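Please view the sequence and the structure below before reading on.

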Amino acid sequence: MSRSGASRARARVAAGLPRYTEEEAQLRRQQARVRADRAKEQLTAELTALKLQRGCADCGYRAHAEALDFDHLPGAVKIAGVTRMVSERRSRDAVMAEVAKCEVVCANCHRVRTATRRVPLQNAEAAPLSR
Ligand SMILES: [Zn+2]
């Protein structure tokens, strides 16, 4: 007699045993890791394509996605950096909601933006942003 996995699990729980055997639990954890890795790879690829498609909002640079950042716009409520959220395996929806609060800028323009925002009065005359 071959019973389904769910039926076996119910029988084990009814007998006061853990839902899954140690082998089943191990396999399920491994499968979950594989799924999570695949989802992270897909999301990273999607974000890379998005960066290259948009390019730097300030100077237009778009040669390497690694040199492009997601810059949270002033006034946006920042949950976390987009890359950090991806590495923390946050959901695609959560990551894309964060991306929506950002502009893509190259690393150089991002630094200039950040410095200008920190001391807006000092830098406003010395180095205005190009946009
Ligand atoms: Zn730039």
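Predicted model: local features only at pLDDT ≥ 70, side-chain atom pairs only at ≥ 80, totals over all residues.

Beyond its neighbours within four places in sequence, Cys 56 is in contact with Tyr 61, Arg 62, Leu 68, Val 104, Val 105, Cys 106 and Cys 109. In soluble globular proteins, nonpolar side chains tend to be buried together.

The overall plan of the chain can now be set out. Six helices and two strands make up its secondary structure, and they follow the pattern α-α-β-α-α-β-α-α along the sequence. The chain has 131 residues, of which 15% count as buried. Among contacts with a separation of 6 or more, 59% join residues 24 or more positions apart.

The two strands pair with each other. E1 (residues 68-72) and E2 (residues 102-106) run in the antiparallel sense, with five bridges between them, and His 72 stands opposite Cys 102 of E2. E1 is largely enclosed by the rest of the structure, because four of its five residues are buried.

The helices H1 and H2 lie largely in the open, as their counts of buried residues show.

| Helix | Residues | Length | Buried |
|---|---|---|---|
| H1 | 5-14 | ten residues | zero residues |
| H2 | 22-54 | 33 residues | two residues |

From its first C-alpha to its last, H2 reaches 48 Å, close to the 48 Å expected at 1.5 Å a residue. Each of these helices is followed by a glycine with a positive phi: Gly 16 after H1, near 80 degrees, and Gly 55 after H2, near 70 degrees.

A further backbone feature concerns Arg 89. Most residues other than glycine have a negative phi. Arg 89, although not a glycine, has a positive phi of about 60 degrees. Arg 89 is placed in the loop between H3 and helix H4 (92-99). Is Arg 89 buried or exposed? Arg 89 has 12 C-beta neighbours inside 10 Å and therefore counts as exposed, since the limit for that class is 12 or fewer.

Key. Residues numbered from 1 in each chain as written. Buried ≥ 20, exposed ≤ 12 C-beta atoms within 10 Å, placed from the backbone. Pairing = 2+ DSSP bridges. Contact = placed C-beta atoms within 7 Å. Expected span 1.5 Å × (residues − 1).
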